[in-house]
Amino acid sequence: MENLGFRPSRFGLDIHGLNNVERAHWNLGTPELFERALQRAEGQLTKHGAFIALTGEHTGRSPNDRFVVDEPTTREDIWWGDVNKPISVKHFNQLHEKMLSYLNGCEVFIHNCYAGADMANRIKVRVITENAWHNLFARNMFIQPSADELDDFEPDFTVLQAPSVNADPAVDGTTSPTFILVNLAERIILVGGSAYAGEIKKSIFSIMNYLMPPREILPMHCSANIGLEGDSAIFFGLSGTGKTTLSADSSRILIGDDEHGWGANGLFNFEGGCYAKTINLTHESEPEIYDLCHTFGSIIENVMMDLNTRELDFFDSTYSENGRVSYDISKVPNASTTSRGGHPKNIIMLTCDAFGVLPPISQLTPDQAMYHFLSGYTAKVAGTERGLKEPAATFSTCFGAPFMPRHPTVYANLLGNKMAEHDAKCWLVNTGWSGGGYGVGERMKIAYTRAMVNAALNGSLGEVEIFQDPNFGVLVPQTCPDVPTEVLNPRNTWSDGSAYDSQARNLTQRFEGNFKQFEDHVDDGVRAAAIRAAA
């Protein structure tokens, strides 16, 4: 076995059962990973020096192919069900051996990195991939150790990722040839049959979501930033609801765009990079993200490129609605140098309402905040998951159910306690449809959403008159700077008020039905804040 690259750890590949790889590339820098990926024909260069790759059949996460190993030491901690599906130790071992058998004899790329900007609560992650560009993705997305830290780097968790390795569902206990297996006891994640890079980062997010709650740290699927006065804010929301877009505000300091912890000392980013959607991206709408799509070191996934000019076309969704760009957060002009912030003063819960009936912004009481956190209502946006062609209404508890191994009330109780301790205000922001549901109305203008969020963060919304929405009980401001008044009351944007009323009743029924699973796990205040359908 030939070791190539920078500073292999003394805890080598043999601890993973990889003793016969053809070549092992350790901790390569960005230029060399670019070179290797191009030499191996894994992708191409764009006009401005970014690397572009296509991920084939899988252009988004494959949640139906994700499993958690059912074993005695962690069994009682897991929220088993559709999100955390069990797989046996036997089947995990079979696929682990299949993965090792394939990687032994291959050229592999290894990157040692950290998850967690809080040094007291970070974990050491080793990502071993068959492709150079997936290792570059890991380099972009996680936190880099110093050169001296690489010598004795012993991973806490290891990701083995090989798109070329497929499961046999009849033998291996999976639902398809694709598999994402999390073994908490062995501290190993297997990713096979999918080249979608997001599976790597989300698997580590799931690990952090398991490890942090016993430390009284709330792990969150959110973006976060800091105002000029030092006021932190967090933005909850599923993919496509605007976390990255709204947190990338040049007037505020970016902590991170997707995954954070809230502990005793405030907020900290789990990651060292950003992974932004690119569909319909323009310089006018999102200048920072647009510029970073045209920067050396960035990775573009599943975006159309003119083969002659090497120009990117963000409006062409031939490959996917879920085109992505990955980049090191240090390249963001207004990024925090520490990836940390104080306790948040404002919490923004983003929802993409496909029915077009939720107010574009409303304030929540603490009990309502707990309720909406557990509900996690939004619409899955086309392309973020395999086979999804148009927005579909869904409830994803904690605004990130696919990544939450523990019962949702574990996370909700942490949120409620921290909101109370630090007197944080909470706002529900609808970035979905206005004037009608999907196919009839229009998506809320990002300029309006930015104006509403800015007014919430700077305190001006706290000084205007409010009314209580009759369907959802939330407190809606009657005016907002730079936003037409009629936009704030969703019923006023519909041409047919009775059609609005019908759709609102439909959604309240969905809220009521979804919350039944949590009613016995929350206190009286949260139960009283629950949305009830009109008789």
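I looked up the bridge partner of Asn112 in strand S8 and found Arg126; strands here are DSSP runs of E of at least two residues, and helices are runs of H or I of at least four, numbered from the N terminus. The model is predicted, so I took local features at pLDDT of at least 70 and side-chain atom pairs at pLDDT 80 or more, with totals for chains, interfaces and linings using all residues. Residues are numbered from 1 along each chain as its sequence is written, and side-chain values use heavy atoms, with hydrogens and water left out.

**Strand S7**

I then followed the pairing of S7, counting two strands as paired if DSSP finds at least two bridges between them. S7 and S8 (residues 123–129) run antiparallel and are joined by seven bridges. With S2 (residues 23–26), S7 pairs in the parallel sense over four bridges, and there Arg23 stands opposite Glu107.

I checked burial along S7 (residues 107–115), and nine of its nine residues are buried (under 20% relative accessible area, with exposed over 50% and partly exposed in between; 1.4 Å probe, protein chains only). Glu107, Phe109, His111, Cys113 and Ala115 lie on one side, and Val108, Ile110, Asn112 and Tyr114 on the other.

**Nonpolar cores**

I searched for nonpolar cores, that is, sets of buried Ala, Val, Leu, Ile, Met, Phe, Trp, Tyr and Cys residues joined through side-chain atoms within 4.5 Å. In the largest, of 48 residues, Ile123, Val127, Ile189 and Ile207 touch the most other members. Helix H6 (residues 198–211) gives this core its largest share, seven residues. Apart from this core lies another of 47 residues, including Tyr377 and Trp494.

Leaving aside neighbours within four places in sequence, I listed the contacts (heavy atoms within 4.5 Å) of Ile123; among them are Cys113, Tyr114 and Ala115, as well as Ile207, Met208 and Leu211.

**Ser375**

I located Ser375 in helix H9 (residues 366–375). Its relative accessible area is 0%, so Ser375 is buried. Beyond four places in sequence, Ser375 is in contact with Phe395, Ser396, Thr397, Phe511, Asn514 and Phe515.

**Largest cavity**

I looked for cavities, meaning sets of points on a 1 Å grid over the protein atoms alone where a 1.4 Å probe fits but cannot get out; lining residues have an atom within 4 Å of a point. The lining of the largest cavity includes Arg61, Ile180, Glu199 and Phe403. Strand S10 (179–183) and H6 are the elements that give two or more residues to this lining, and the largest share, four residues, comes from H6.

How values were computed: On a 1 Å grid over the protein atoms alone, a cavity is a set of points where a 1.4 Å probe fits but cannot get out, and a pocket is an open set with protein on both sides within 12 Å along at least five of seven lines; lining residues have an atom within 4 Å of a point.
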